[in-house]
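Hello,

Here is the structure we talked about handing over. Please load it first, then read the notes below.

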Amino acid sequence: MDLKALKTIRAYLQEGEFPITIAPEGATNGHSELLSPLEPGTTQLAFWGVEDLRKAGQSQPLLIVPIGLRYLYPHPNWSALDRLLSRLEKDTGLPLASFNQPQTTPPEAYARRLCAIGEHLLTRLEQFYQRFYPHASAFSRGNAVPTAVSPGEVGKAALIDQRLAHLLHTALSIGKDYFGLPHTGSLGRRCRRLEEAGWMQIYREDLPSLFRLCSLERGLADWSAAVASLHLRHMRLVESFVAVTAEYVQQQPRFERLAETALILFDLVERVKGVAVPRRPQLGRRQAVITIGTPIDVSQRWSSYSASRSAAKAAVATLTADLQQALETLTRL
């Protein structure tokens, strides 16, 4: 854990002039209408803040204010989305399926085309991991690639989501095995654990100043950093797709959902191509919608938190669940 950062946050909670803004998900998922499972760090920090205030003899309440943030396209640019899909089809080796009249083409047609791109990309990634990382493949551990498709588009979407879950576990296991990390926890939490391990190998705190290293030591340090960076690229794939589902697009093929998913696919393809910082195409002006929820008074929960160690753990879990529900409500407003 970054103890210095935690200490700084606790000091600001007690003495800071302004509120502290925290992203409780731990990472963005690229969707405006889907909230990833929250990390418990936000609520744990809140309880620590109450504890520090009480130790200092301060009686003011400590509040968590849920804030919802999502983006809308007031004037959807269907032609730009059509061009983006054509670019993805070209980059992934699919025949172009451009629409003659993008502005009047039904959204359902965009959803089918986007799912076709996603399924093709999924197949290519499955083949890549099965060939070059057979030891890590989830499919080689008794989990065969599912092939049964129930009737209709809904069944096909469910199959794609199941295959994607297998692929993400495979990609994540490569770094987990390399760094010797446990294969437990949610995908998001495992990504954060792997990221921390990678950074520790890249940004070496055990080394002296780089100018004091001999050429051999510098070369070995660069070598290990490069290997760690490569393993983190597999993690970035998982991080990008941790909330992606085919059903998300097919159930409500609105422009916002189509654009979000297409841009996530674009980011992945650009990273595989070796583009360090992809320049996303513009699909129209976005309008940010910020919604303020009802504040949660953490101070009122102090008695249940401070009863015992097990009670503290339960109080953190309960507050995290309440915050999750509050934020999910804001995404639907």
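**A glycine in α6**

G198 has its place in helix α6, which runs over residues 187–202. Keep in mind that this is a predicted model. Is G198 buried or exposed? Its relative accessibility is 0%, so G198 counts as buried. Leaving out residues up to four places away in sequence, G198 touches F179, A228 and L232. G198 and S224 are 26 residues apart in sequence, and their C-alpha atoms are 9.9 Å apart in space.

The largest share comes from α4, with seven residues. By residue class, the lining divides into 16 nonpolar, three polar and two charged.

**Aromatic pairs**

On to the rings. The whole structure holds 11 aromatic pairs. One of them is F47 with Y305, and this pair is stacked. The ring centres are 4.3 Å apart, with 5° between the planes. The pair links distant parts of the chain. F47 lies in helix α2 (residues 41–55), Y305 lies in helix α10 (residues 302–305), and 258 residues separate them. Both F47 and Y305 are buried.

Y305 has another ring partner, W302. Here the centres are 5.4 Å apart and the planes stand at 35°, so the pair counts as tilted. Both residues sit in helix α10, three residues apart, which is about one turn of the helix. How accessible are the two? W302 has a relative accessibility of 16%, so it counts as buried. Y305 is buried too, with a relative accessible area of 10%. The cut-off for buried is under 20%.

There is also a ring cluster. Ring pairs join Y73, W78, F99, Y110 and F255.

Where does the charged end of R113 sit? It sits over the ring of F99, 4.9 Å from the ring centre. F99 is also one of the residues in the ring cluster. The charged end of R286 sits over the Y71 ring, 4.0 Å from its centre.

D82 belongs in this part of the tour. Helix α3, residues 78–91, is the place of D82. D82 has a relative accessible area of 7%, so it is buried. What does D82 touch, not counting residues up to four places away in sequence? The contacts are S98, F99, P102, Y110 and R113. Among them, F99 and Y110 are members of the ring cluster. R113 is the residue whose charged end sits over F99.

**Where to look**

For a quick pass, start with G198 in α6. Then open the cavity and check its α4 side, which gives seven lining residues. After that, take the stacked pair of F47 and Y305. Finish at D82 and its contacts, including F99 and R113.

Best wishes

Technical notes. Residues numbered from 1 in each chain as written. Predicted model: local features only at pLDDT ≥ 70, side-chain atom pairs only at ≥ 80, totals over all residues. Heavy atoms only, no water. Helix = DSSP H or I, 4+ residues; strand = E, 2+ residues; numbered from the N terminus. Nonpolar A, V, L, I, M, F, W, Y, C, P; charged D, E, K, R; others polar. Phe/Tyr/Trp six-rings, centres within 6.5 Å; stacked < 30°, edge-to-face > 60°. Buried < 20%, exposed > 50% of the residue type's maximum accessible area, 1.4 Å probe, protein only. Lys NZ or Arg CZ within 6 Å of the ring centre and 35° of its normal. Contact = heavy atoms within 4.5 Å.
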